[in-house]
Amino acid sequence: YYSGFSAMSRNGIEENADKIRKLYLAEDWEGMKTMIQYPVMINGASVENEEEYLKVMKGRKIQAESREDMEKEDCKDMFFNGQGLCLGSGEVWLIDPAYMKDDQTPEIKVKTIQGLV
């Protein structure tokens, strides 16, 4: 189903997406730091590295509407296109930086985080 997104198995993609969804809902930005593909977009601003990411994310909370959308996300049959894979209503976008690279193992990374205050 996700063949245009990643060479990872469908189950693997959905499990990774759900793990990221749970970290987002828990506002566990520290726990999410190893799952980020830099540069990452946060609320429309580019963040270049892990150090900057941790500064930007410190104290960040999820908007009520975004929390609602992510709580409804079941991480099954998710929408994807050339920009990546969408969680919720676009609160988090994922990519596989290894996709189409034969010598790399598939991995799911966060490319965009939105819906924060």
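Q: Where is N43 found?
A: N43 sits in the loop between β1 and β2. Helices (H or I, at least four residues) and strands (E, at least two) are DSSP runs, numbered from the N terminus.

Q: Before we go on, what kind of model is this?
A: This is a predicted model, where local features need pLDDT of at least 70, side-chain atom pairs count only at pLDDT 80 or more, and totals for chains, interfaces and linings use all residues. Residues are numbered from 1 along each chain as its sequence is written, and side-chain values use heavy atoms, with hydrogens and water left out.

Q: OK, back to N43. What's its phi?
A: Near 50 degrees, a positive value in a residue other than glycine. Most residues other than glycine have a negative phi, and most peptide bonds are trans.

Q: And how accessible is N43?
A: N43 has 34% relative accessibility, so it counts as partly exposed. Buried means under 20% relative accessible area, exposed over 50%, and partly exposed is in between (1.4 Å probe, protein chains only).

Q: What about M100?
A: M100 is in the loop between β5 and β6. Its phi is positive too, about 75 degrees, although M100 is not a glycine. M100 is exposed, with a relative accessible area of 67%.

Q: Which residues does the cis peptide bond join?
A: Y38 and P39, with omega about -5 degrees. P39 belongs to strand β1.

Q: How's the sheet laid out?
A: It is an open sheet of six strands, ordered β2-β1-β6-β5-β4-β3, with mixed pairing. Two strands pair if DSSP finds at least two bridges between them.

Q: Which strands stand at the edges?
A: β2 (45-47) and β3 (80-81); each has a single partner strand, so one side of each is left without a neighbour in the sheet.

Q: Which residues does D69 touch, then?
A: G88, S89 and E91, not counting residues up to four places away in sequence. D69 itself is in helix α4 (residues 64-72).

Terms used: Contact means heavy atoms within 4.5 Å.
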